[in-house]
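Let's walk through this one together, from the overall fold down to a single side chain. Have the viewer open as you read.

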Amino acid sequence: MKMKNTTYSYQRSKWGKAALGLAAIVLLAGGCKKFLEQQPDSTWTDLDTPAKVSKLLGTAYPQSSYIVMCESKSDNVEDKGVGELEKPNSNSFLFQDVESVEEDSPEAYWAAAYAAIAAANQALVACAAATDTTKYQAQKGEALVARAYAHFMLVNLFSQIYDPATAGNQPGIPYVTTPETVVNKQYERKTVAYVYEMIEKDLLAGLPLIKDDAYTVPRYHFNRVAANAFASRFYLFKKDYTKVLYYADQAFPGEQLAMHMRPWNTKYSSMSPAMIRDLYNNAAEDANLLIAETKSLAGRYIGRYRYDLSWNKEQEIIGSNITGGRYAYPVYYYGTQDYFVPKATEYFVKNSVNATIGQPYMMNVLFTTEEVLFNRAEANANMGNADAVIKDLNLFASKRITNYNATTNNITLAKVKQYYGVSDDKAALTAAILDFKRAEYVQEGMRWFDILRYGITVTHTTRDGHQLVLAPGDDQRTFQLPQSVVNSGLELNPRK
(Lines give C-alpha, C1' and ligand atoms only; values in the text may rest on other atoms or scores of the structure.)
Protein backbone atom coordinates (compact mmCIF):
# COMPACT_ATOMS: atom_id res chain seq x y z
CA MET A 1 0.00 0.00 0.00
CA LYS A 2 1.36 3.40 -0.99
CA MET A 3 0.66 6.46 1.11
CA LYS A 4 1.69 9.79 -0.27
CA ASN A 5 3.30 12.14 2.20
CA THR A 6 2.56 15.74 1.34
CA THR A 7 2.69 17.44 4.72
CA TYR A 8 5.98 16.48 6.31
CA SER A 9 8.53 19.19 6.93
CA TYR A 10 11.86 18.83 8.64
CA GLN A 11 11.90 19.91 12.26
CA ARG A 12 14.55 19.99 14.93
CA SER A 13 13.32 17.40 17.38
CA LYS A 14 12.52 18.35 20.95
CA TRP A 15 15.31 16.14 22.27
CA GLY A 16 17.96 17.62 20.00
CA LYS A 17 19.02 20.28 22.48
CA ALA A 18 19.65 17.70 25.19
CA ALA A 19 21.77 15.65 22.82
CA LEU A 20 23.78 18.70 21.83
CA GLY A 21 24.66 19.21 25.46
CA LEU A 22 26.34 15.85 25.46
CA ALA A 23 28.52 16.78 22.51
CA ALA A 24 29.48 20.32 23.35
CA ILE A 25 33.14 19.66 22.69
CA VAL A 26 33.85 18.71 19.10
CA LEU A 27 37.01 16.65 18.99
CA LEU A 28 37.00 16.58 15.24
CA ALA A 29 38.13 20.17 14.87
CA GLY A 30 41.48 19.10 13.48
CA GLY A 31 39.83 17.54 10.44
CA CYS A 32 41.06 14.43 8.68
CA LYS A 33 44.67 15.37 8.06
CA LYS A 34 45.74 14.38 11.57
CA PHE A 35 43.28 11.59 12.10
CA LEU A 36 44.91 10.25 15.26
CA GLU A 37 45.98 13.55 16.75
CA GLN A 38 42.64 14.81 18.07
CA GLN A 39 43.15 16.32 21.48
CA PRO A 40 40.28 17.08 23.83
CA ASP A 41 39.50 20.77 24.17
CA SER A 42 41.46 22.63 26.85
CA THR A 43 38.35 22.78 29.02
CA TRP A 44 38.80 19.04 29.59
CA THR A 45 42.27 19.27 31.09
CA ASP A 46 40.85 19.41 34.61
CA LEU A 47 38.82 16.21 34.80
CA ASP A 48 38.72 16.16 38.57
CA THR A 49 35.22 14.81 39.17
CA PRO A 50 33.30 11.79 37.84
CA ALA A 51 30.69 14.19 36.45
CA LYS A 52 33.29 15.99 34.32
CA VAL A 53 34.61 12.67 32.99
CA SER A 54 31.05 11.57 32.19
CA LYS A 55 30.49 14.77 30.25
CA LEU A 56 33.65 14.16 28.23
CA LEU A 57 32.44 10.62 27.52
CA GLY A 58 29.40 12.07 25.82
CA THR A 59 31.83 12.69 22.93
CA ALA A 60 33.28 9.17 22.98
CA TYR A 61 30.91 7.97 20.25
CA PRO A 62 31.61 8.54 16.53
CA GLN A 63 29.80 11.74 15.57
CA SER A 64 29.56 10.69 11.95
CA SER A 65 27.14 8.33 10.24
CA TYR A 66 27.85 5.15 8.27
CA ILE A 67 24.27 4.93 6.96
CA VAL A 68 24.62 6.54 3.53
CA MET A 69 27.88 4.93 2.45
CA CYS A 70 26.83 1.47 3.65
CA GLU A 71 23.25 1.55 2.39
CA SER A 72 24.35 2.82 -1.03
CA LYS A 73 26.82 -0.02 -1.42
CA SER A 74 24.28 -2.68 -0.51
CA ASP A 75 21.63 -4.53 -2.48
CA ASN A 76 18.88 -2.34 -0.96
CA VAL A 77 19.20 0.39 -3.58
CA GLU A 78 18.69 0.99 -7.27
CA ASP A 79 19.61 3.63 -9.81
CA LYS A 80 16.45 5.75 -10.08
CA GLY A 81 17.94 7.93 -12.81
CA VAL A 82 17.17 11.11 -10.89
CA GLY A 83 17.65 12.37 -7.36
CA GLU A 84 20.10 14.05 -5.04
CA LEU A 85 23.70 13.46 -6.01
CA GLU A 86 26.15 13.31 -3.11
CA LYS A 87 29.49 11.52 -3.41
CA PRO A 88 28.99 9.13 -0.44
CA ASN A 89 25.82 7.93 -2.20
CA SER A 90 26.95 7.89 -5.84
CA ASN A 91 30.54 6.64 -5.41
CA SER A 92 29.42 3.89 -3.07
CA PHE A 93 26.71 2.70 -5.46
CA LEU A 94 29.21 2.65 -8.32
CA PHE A 95 31.70 0.69 -6.15
CA GLN A 96 34.24 3.49 -6.23
CA ASP A 97 36.30 5.11 -3.49
CA VAL A 98 34.30 8.01 -2.08
CA GLU A 99 35.63 11.34 -3.34
CA SER A 100 34.54 13.36 -0.34
CA VAL A 101 35.76 14.16 3.16
CA GLU A 102 32.47 15.71 4.23
CA GLU A 103 29.63 14.24 6.27
CA ASP A 104 28.58 10.63 5.51
CA SER A 105 31.91 9.77 3.86
CA PRO A 106 34.32 7.01 4.95
CA GLU A 107 36.96 9.64 5.71
CA ALA A 108 34.55 11.57 7.94
CA TYR A 109 33.65 8.39 9.80
CA TRP A 110 37.31 7.41 10.21
CA ALA A 111 38.16 10.81 11.70
CA ALA A 112 35.07 10.82 13.94
CA ALA A 113 35.78 7.33 15.25
CA TYR A 114 39.34 8.21 16.22
CA ALA A 115 38.11 11.45 17.78
CA ALA A 116 35.75 9.32 19.89
CA ILE A 117 38.65 7.04 20.80
CA ALA A 118 40.71 10.08 21.82
CA ALA A 119 37.94 11.13 24.20
CA ALA A 120 37.72 7.63 25.67
CA ASN A 121 41.48 7.50 26.17
CA GLN A 122 41.54 10.90 27.85
CA ALA A 123 38.75 9.76 30.16
CA LEU A 124 40.67 6.61 31.06
CA VAL A 125 43.74 8.67 31.94
CA ALA A 126 41.59 10.83 34.22
CA CYS A 127 40.05 7.76 35.86
CA ALA A 128 43.46 6.23 36.53
CA ALA A 129 44.88 9.50 37.90
CA ALA A 130 42.03 10.14 40.32
CA THR A 131 42.82 10.21 44.02
CA ASP A 132 40.00 7.76 44.66
CA THR A 133 39.68 5.57 41.58
CA THR A 134 36.74 3.69 43.06
CA LYS A 135 34.54 6.71 42.39
CA TYR A 136 35.35 6.53 38.67
CA GLN A 137 34.56 2.88 37.96
CA ALA A 138 31.38 3.58 35.98
CA GLN A 139 33.23 6.14 33.84
CA LYS A 140 36.08 3.70 33.29
CA GLY A 141 33.61 1.06 32.17
CA GLU A 142 31.93 3.36 29.66
CA ALA A 143 35.27 4.54 28.28
CA LEU A 144 36.49 0.98 27.71
CA VAL A 145 33.31 -0.17 26.01
CA ALA A 146 33.08 3.01 23.90
CA ARG A 147 36.71 2.57 22.83
CA ALA A 148 35.98 -1.04 21.90
CA TYR A 149 32.91 -0.02 19.87
CA ALA A 150 34.69 2.65 17.82
CA HIS A 151 37.50 0.24 16.93
CA PHE A 152 34.94 -2.47 16.15
CA MET A 153 33.19 -0.26 13.63
CA LEU A 154 36.47 0.85 12.09
CA VAL A 155 37.81 -2.66 11.60
CA ASN A 156 34.58 -3.87 10.00
CA LEU A 157 34.38 -0.91 7.62
CA PHE A 158 38.03 -0.54 6.65
CA SER A 159 39.35 -4.11 6.90
CA GLN A 160 38.24 -7.48 5.64
CA ILE A 161 35.37 -8.90 7.66
CA TYR A 162 36.43 -11.25 10.45
CA ASP A 163 37.05 -14.85 9.42
CA PRO A 164 38.88 -17.06 11.93
CA ALA A 165 40.74 -18.74 9.06
CA THR A 166 42.19 -15.49 7.66
CA ALA A 167 41.95 -12.86 10.42
CA GLY A 168 45.54 -13.48 11.49
CA ASN A 169 46.79 -12.44 8.03
CA GLN A 170 44.46 -9.57 7.09
CA PRO A 171 45.50 -5.95 7.84
CA GLY A 172 43.47 -4.39 10.65
CA ILE A 173 43.32 -0.78 11.84
CA PRO A 174 45.42 0.95 14.53
CA TYR A 175 44.15 0.13 18.01
CA VAL A 176 44.88 3.27 19.98
CA THR A 177 44.95 3.02 23.79
CA THR A 178 46.74 6.22 24.84
CA PRO A 179 46.14 9.92 24.16
CA GLU A 180 48.31 11.53 21.50
CA THR A 181 51.38 13.40 22.75
CA VAL A 182 53.38 13.84 19.54
CA VAL A 183 52.68 15.01 16.01
CA ASN A 184 52.74 12.44 13.20
CA LYS A 185 53.18 9.47 15.50
CA GLN A 186 53.80 6.28 13.56
CA TYR A 187 51.15 3.55 13.69
CA GLU A 188 50.72 0.09 12.31
CA ARG A 189 47.62 -1.77 11.24
CA LYS A 190 48.60 -5.16 12.68
CA THR A 191 45.90 -7.75 11.92
CA VAL A 192 42.15 -8.13 12.11
CA ALA A 193 42.68 -10.88 14.68
CA TYR A 194 44.73 -8.54 16.86
CA VAL A 195 42.09 -5.80 16.68
CA TYR A 196 39.39 -8.28 17.66
CA GLU A 197 41.50 -9.45 20.61
CA MET A 198 41.88 -5.87 21.81
CA ILE A 199 38.17 -5.14 21.33
CA GLU A 200 37.31 -8.20 23.38
CA LYS A 201 39.77 -7.22 26.10
CA ASP A 202 38.28 -3.72 26.45
CA LEU A 203 34.70 -4.96 26.20
CA LEU A 204 35.10 -7.62 28.88
CA ALA A 205 36.96 -5.25 31.20
CA GLY A 206 34.46 -2.44 30.81
CA LEU A 207 31.13 -4.23 30.72
CA PRO A 208 30.96 -5.24 34.42
CA LEU A 209 31.67 -1.62 35.45
CA ILE A 210 28.74 -0.08 33.56
CA LYS A 211 26.18 1.55 35.85
CA ASP A 212 23.04 3.13 34.45
CA ASP A 213 22.62 5.47 37.39
CA ALA A 214 25.79 7.28 36.30
CA TYR A 215 23.88 8.77 33.35
CA THR A 216 21.29 11.52 33.09
CA VAL A 217 20.00 10.01 29.83
CA PRO A 218 21.23 6.39 29.70
CA ARG A 219 20.39 5.91 26.02
CA TYR A 220 23.04 8.48 25.04
CA HIS A 221 25.69 6.29 26.68
CA PHE A 222 26.69 2.63 26.85
CA ASN A 223 24.13 1.65 29.45
CA ARG A 224 23.98 -1.93 30.71
CA VAL A 225 21.55 -3.23 28.08
CA ALA A 226 23.32 -1.48 25.19
CA ALA A 227 26.72 -2.80 26.30
CA ASN A 228 25.39 -6.35 26.38
CA ALA A 229 23.75 -5.82 23.00
CA PHE A 230 27.16 -4.76 21.67
CA ALA A 231 28.71 -7.89 23.17
CA SER A 232 26.10 -10.04 21.42
CA ARG A 233 26.96 -8.36 18.10
CA PHE A 234 30.70 -8.67 18.66
CA TYR A 235 30.52 -12.39 19.35
CA LEU A 236 28.15 -12.92 16.43
CA PHE A 237 30.75 -11.39 14.11
CA LYS A 238 33.40 -13.48 15.87
CA LYS A 239 31.21 -16.58 15.42
CA ASP A 240 31.28 -17.47 19.10
CA TYR A 241 27.60 -18.38 19.28
CA THR A 242 27.49 -19.58 22.87
CA LYS A 243 28.60 -16.15 24.02
CA VAL A 244 26.06 -14.46 21.73
CA LEU A 245 23.30 -16.27 23.63
CA TYR A 246 24.87 -15.44 26.98
CA TYR A 247 25.04 -11.68 26.32
CA ALA A 248 21.63 -11.58 24.66
CA ASP A 249 20.25 -13.08 27.86
CA GLN A 250 22.20 -10.58 29.94
CA ALA A 251 20.59 -7.78 27.95
CA PHE A 252 17.08 -9.20 28.26
CA PRO A 253 16.73 -12.06 30.78
CA GLY A 254 13.89 -14.51 30.36
CA GLU A 255 11.03 -13.15 28.25
CA GLN A 256 11.84 -9.47 28.77
CA LEU A 257 12.92 -8.82 25.19
CA ALA A 258 9.34 -8.95 23.88
CA MET A 259 8.33 -6.06 26.12
CA HIS A 260 10.93 -3.70 24.64
CA MET A 261 10.39 -4.10 20.88
CA ARG A 262 9.36 -1.30 18.56
CA PRO A 263 5.54 -1.42 18.19
CA TRP A 264 5.22 -1.10 14.42
CA ASN A 265 1.86 -2.86 14.06
CA THR A 266 0.21 -1.21 17.06
CA LYS A 267 1.31 2.22 18.31
CA TYR A 268 3.23 3.21 15.18
CA SER A 269 0.39 2.16 12.85
CA SER A 270 -1.77 5.11 13.94
CA MET A 271 0.99 7.72 13.75
CA SER A 272 1.72 10.22 10.97
CA PRO A 273 5.14 10.10 9.27
CA ALA A 274 6.21 13.21 11.17
CA MET A 275 5.21 11.61 14.45
CA ILE A 276 7.08 8.40 13.64
CA ARG A 277 10.18 10.33 12.66
CA ASP A 278 10.06 12.30 15.87
CA LEU A 279 9.94 9.10 17.91
CA TYR A 280 12.00 6.67 15.84
CA ASN A 281 15.46 7.91 16.87
CA ASN A 282 14.30 9.31 20.19
CA ALA A 283 15.49 8.32 23.66
CA ALA A 284 11.81 7.99 24.57
CA GLU A 285 11.52 4.95 22.27
CA ASP A 286 12.08 1.90 24.45
CA ALA A 287 13.54 -0.17 21.60
CA ASN A 288 16.45 2.26 21.18
CA LEU A 289 19.28 1.02 23.37
CA LEU A 290 22.02 3.46 22.31
CA ILE A 291 21.72 6.67 20.30
CA ALA A 292 24.49 8.95 19.01
CA GLU A 293 24.40 12.42 17.56
CA THR A 294 25.97 12.46 14.09
CA LYS A 295 26.71 15.10 11.50
CA SER A 296 24.86 13.80 8.45
CA LEU A 297 22.69 14.68 5.48
CA ALA A 298 20.82 11.38 5.75
CA GLY A 299 17.94 13.02 7.59
CA ARG A 300 17.49 15.38 4.65
CA TYR A 301 18.09 13.11 1.67
CA ILE A 302 17.29 9.49 2.58
CA GLY A 303 14.69 8.45 0.03
CA ARG A 304 15.68 11.32 -2.25
CA TYR A 305 19.13 10.15 -3.28
CA ARG A 306 19.49 9.02 -6.86
CA TYR A 307 20.75 5.66 -5.67
CA ASP A 308 18.16 4.74 -3.09
CA LEU A 309 15.10 2.67 -2.32
CA SER A 310 12.98 2.27 -5.46
CA TRP A 311 9.61 0.66 -6.17
CA ASN A 312 11.35 -2.54 -7.28
CA LYS A 313 13.55 -2.68 -4.20
CA GLU A 314 10.69 -1.85 -1.87
CA GLN A 315 8.73 -4.78 -3.30
CA GLU A 316 11.77 -7.04 -2.99
CA ILE A 317 12.48 -6.11 0.62
CA ILE A 318 9.10 -5.24 2.13
CA GLY A 319 6.56 -6.48 -0.41
CA SER A 320 6.18 -10.01 0.95
CA ASN A 321 7.41 -12.25 3.75
CA ILE A 322 7.22 -15.76 5.10
CA THR A 323 4.13 -15.15 7.23
CA GLY A 324 1.91 -14.43 4.22
CA GLY A 325 0.87 -11.21 5.93
CA ARG A 326 1.73 -7.61 5.16
CA TYR A 327 4.51 -5.74 6.94
CA ALA A 328 3.34 -2.83 9.05
CA TYR A 329 6.21 -0.61 7.89
CA PRO A 330 4.61 2.44 6.25
CA VAL A 331 6.22 3.43 2.96
CA TYR A 332 5.83 7.01 1.77
CA TYR A 333 7.08 8.76 -1.32
CA TYR A 334 7.99 12.18 -2.63
CA GLY A 335 6.72 12.44 -6.20
CA THR A 336 6.94 9.11 -8.02
CA GLN A 337 10.55 8.05 -7.44
CA ASP A 338 11.54 8.69 -3.84
CA TYR A 339 10.46 5.95 -1.45
CA PHE A 340 11.17 5.95 2.27
CA VAL A 341 10.13 4.51 5.59
CA PRO A 342 9.87 7.50 7.97
CA LYS A 343 12.87 7.15 10.26
CA ALA A 344 15.55 9.80 9.82
CA THR A 345 15.06 13.38 10.94
CA GLU A 346 17.49 16.24 10.39
CA TYR A 347 17.96 18.98 12.90
CA PHE A 348 19.96 21.95 11.73
CA VAL A 349 22.41 23.57 14.12
CA LYS A 350 23.32 27.19 13.35
CA ASN A 351 26.95 28.20 13.67
CA SER A 352 25.85 30.96 16.02
CA VAL A 353 22.62 32.41 17.34
CA ASN A 354 22.25 34.92 14.52
CA ALA A 355 23.89 32.87 11.78
CA THR A 356 22.10 31.79 8.61
CA ILE A 357 24.46 28.88 8.05
CA GLY A 358 25.11 25.81 10.14
CA GLN A 359 25.50 22.04 10.13
CA PRO A 360 23.03 19.18 9.52
CA TYR A 361 22.74 16.59 12.28
CA MET A 362 20.66 13.53 12.97
CA MET A 363 20.41 11.02 15.78
CA ASN A 364 21.77 7.61 14.79
CA VAL A 365 20.41 4.54 16.60
CA LEU A 366 23.42 2.29 17.15
CA PHE A 367 21.72 -0.63 18.94
CA THR A 368 18.11 -1.74 19.23
CA THR A 369 16.17 -4.45 21.02
CA GLU A 370 15.42 -6.08 17.67
CA GLU A 371 19.10 -6.59 16.95
CA VAL A 372 19.48 -8.59 20.13
CA LEU A 373 16.63 -10.82 18.93
CA PHE A 374 18.27 -11.25 15.53
CA ASN A 375 21.67 -12.00 17.07
CA ARG A 376 20.12 -14.58 19.36
CA ALA A 377 18.17 -16.19 16.53
CA GLU A 378 21.21 -16.37 14.25
CA ALA A 379 23.32 -17.90 17.01
CA ASN A 380 20.66 -20.51 17.66
CA ALA A 381 20.42 -21.27 13.94
CA ASN A 382 24.16 -21.95 13.85
CA MET A 383 23.91 -24.13 16.97
CA GLY A 384 21.07 -26.22 15.58
CA ASN A 385 18.44 -24.90 17.99
CA ALA A 386 15.66 -24.67 15.42
CA ASP A 387 12.79 -24.42 17.91
CA ALA A 388 14.39 -21.39 19.56
CA VAL A 389 14.83 -19.69 16.17
CA ILE A 390 11.21 -20.34 15.21
CA LYS A 391 10.10 -18.86 18.52
CA ASP A 392 12.06 -15.66 17.85
CA LEU A 393 10.85 -15.42 14.26
CA ASN A 394 7.26 -15.65 15.45
CA LEU A 395 7.91 -13.07 18.15
CA PHE A 396 9.30 -10.67 15.58
CA ALA A 397 6.40 -11.29 13.22
CA SER A 398 3.90 -10.61 16.00
CA LYS A 399 5.23 -7.04 16.23
CA ARG A 400 5.63 -6.42 12.49
CA ILE A 401 2.69 -7.97 10.62
CA THR A 402 -0.45 -5.90 10.15
CA ASN A 403 -3.45 -7.53 11.85
CA TYR A 404 -1.18 -10.31 13.04
CA ASN A 405 -2.89 -13.64 13.61
CA ALA A 406 -0.95 -16.25 15.56
CA THR A 407 -2.62 -19.03 13.56
CA THR A 408 -2.61 -17.82 9.97
CA ASN A 409 0.72 -15.99 10.26
CA ASN A 410 2.45 -18.72 12.25
CA ILE A 411 5.97 -19.66 11.15
CA THR A 412 7.11 -23.27 11.29
CA LEU A 413 10.35 -24.94 10.23
CA ALA A 414 8.55 -26.77 7.44
CA LYS A 415 7.07 -23.49 6.21
CA VAL A 416 10.48 -21.81 6.24
CA LYS A 417 12.10 -24.61 4.25
CA GLN A 418 9.30 -24.61 1.71
CA TYR A 419 9.33 -20.83 1.36
CA TYR A 420 13.04 -20.74 0.59
CA GLY A 421 13.14 -24.01 -1.32
CA VAL A 422 15.96 -25.50 0.73
CA SER A 423 16.16 -28.69 2.79
CA ASP A 424 18.88 -27.62 5.21
CA ASP A 425 17.50 -26.28 8.50
CA LYS A 426 20.32 -23.84 9.14
CA ALA A 427 20.27 -22.38 5.62
CA ALA A 428 16.50 -21.91 5.66
CA LEU A 429 16.39 -20.33 9.11
CA THR A 430 19.32 -18.03 8.36
CA ALA A 431 17.61 -16.85 5.17
CA ALA A 432 14.48 -16.01 7.16
CA ILE A 433 16.46 -14.12 9.79
CA LEU A 434 18.37 -12.09 7.20
CA ASP A 435 15.18 -11.23 5.31
CA PHE A 436 13.43 -10.01 8.46
CA LYS A 437 16.55 -8.07 9.41
CA ARG A 438 16.83 -6.53 5.95
CA ALA A 439 13.26 -5.26 6.16
CA GLU A 440 13.67 -3.99 9.71
CA TYR A 441 16.76 -1.91 8.96
CA VAL A 442 16.01 -0.73 5.42
CA GLN A 443 17.64 2.67 4.80
CA GLU A 444 19.78 2.34 7.96
CA GLY A 445 22.96 0.81 6.49
CA MET A 446 22.84 -2.39 8.53
CA ARG A 447 22.37 -4.67 5.52
CA TRP A 448 25.96 -3.99 4.42
CA PHE A 449 27.42 -5.86 7.38
CA ASP A 450 25.32 -8.95 6.66
CA ILE A 451 26.47 -8.81 3.04
CA LEU A 452 30.06 -8.88 4.28
CA ARG A 453 29.53 -11.60 6.87
CA TYR A 454 27.74 -13.93 4.47
CA GLY A 455 29.73 -13.22 1.33
CA ILE A 456 26.68 -11.99 -0.58
CA THR A 457 27.36 -10.74 -4.09
CA VAL A 458 25.87 -7.32 -4.84
CA THR A 459 24.88 -6.38 -8.38
CA HIS A 460 24.04 -2.79 -9.28
CA THR A 461 22.64 -1.89 -12.69
CA THR A 462 22.85 1.70 -13.90
CA ARG A 463 20.08 3.36 -15.90
CA ASP A 464 22.13 2.95 -19.09
CA GLY A 465 22.24 -0.81 -18.54
CA HIS A 466 25.79 -1.11 -17.25
CA GLN A 467 26.05 -3.91 -14.68
CA LEU A 468 28.39 -3.58 -11.71
CA VAL A 469 29.18 -6.67 -9.63
CA LEU A 470 30.74 -6.66 -6.16
CA ALA A 471 31.64 -10.23 -5.31
CA PRO A 472 33.41 -11.71 -2.27
CA GLY A 473 37.12 -10.93 -2.42
CA ASP A 474 36.66 -7.70 -4.34
CA ASP A 475 38.84 -4.84 -3.09
CA GLN A 476 35.85 -2.49 -2.89
CA ARG A 477 34.27 -4.54 -0.11
CA THR A 478 36.47 -2.51 2.22
CA PHE A 479 36.24 1.27 2.35
CA GLN A 480 39.47 3.10 1.63
CA LEU A 481 41.45 4.70 4.44
CA PRO A 482 42.06 8.45 4.20
CA GLN A 483 45.02 9.26 1.97
CA SER A 484 46.56 11.25 4.81
CA VAL A 485 47.15 8.16 6.96
CA VAL A 486 50.19 7.36 4.84
CA ASN A 487 51.97 10.07 6.83
CA SER A 488 51.41 7.99 9.95
CA GLY A 489 53.02 4.93 8.44
CA LEU A 490 49.86 3.10 7.39
CA GLU A 491 49.29 1.32 4.11
CA LEU A 492 46.10 2.00 2.19
CA ASN A 493 43.77 -0.80 1.26
CA PRO A 494 44.72 -2.37 -2.10
CA ARG A 495 42.93 -1.22 -5.22
CA LYS A 496 43.11 -2.74 -8.68
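Before we start, one term: a polar contact here is a pair of N or O atoms within 3.5 Å, where, within protein, one must be able to donate a hydrogen and the other to accept it. Also keep in mind that you're looking at a predicted model.

Start with the whole chain. It has 17 helices and 10 strands, and its C-alpha trace spans about 65 × 50 × 45 Å along the principal axes. With 496 residues, a compact globule would have a radius of gyration near 23 Å, and the chain's 22 Å agrees with that. Buried residues make up 58% of the chain. Of the contacts with a separation of 6 or more, 72% are between residues 24 or more positions apart.

Next, zoom in on N76, which you'll find in the loop between α3 (67-73) and β2 (78-79). Is N76 buried or exposed? Its relative accessible area is 1%, so N76 counts as buried, the cut-off being under 20%.

What does the side chain of N76 pair up with? Another, at 2.8 Å, goes to the side chain of R438. Leaving aside residues up to four places away in sequence, N76 also touches others, including D308, L309, K313, I317, V442 and R447.

Definitions and conventions:
Residues are numbered from 1 along each chain as its sequence is written. This is a predicted model: local features need pLDDT of at least 70, side-chain atom pairs count only at pLDDT 80 or more; totals for chains, interfaces and linings use all residues. Side-chain values use heavy atoms; hydrogens and water are left out. Helices (H or I, at least four residues) and strands (E, at least two) are DSSP runs, numbered from the N terminus. The radius of gyration is taken over C-alpha atoms; the globule rule is 2.2 Å times the number of residues to the power 0.38. Buried means under 20% relative accessible area, exposed over 50%, partly exposed in between (1.4 Å probe, protein chains only). Contact means heavy atoms within 4.5 Å.
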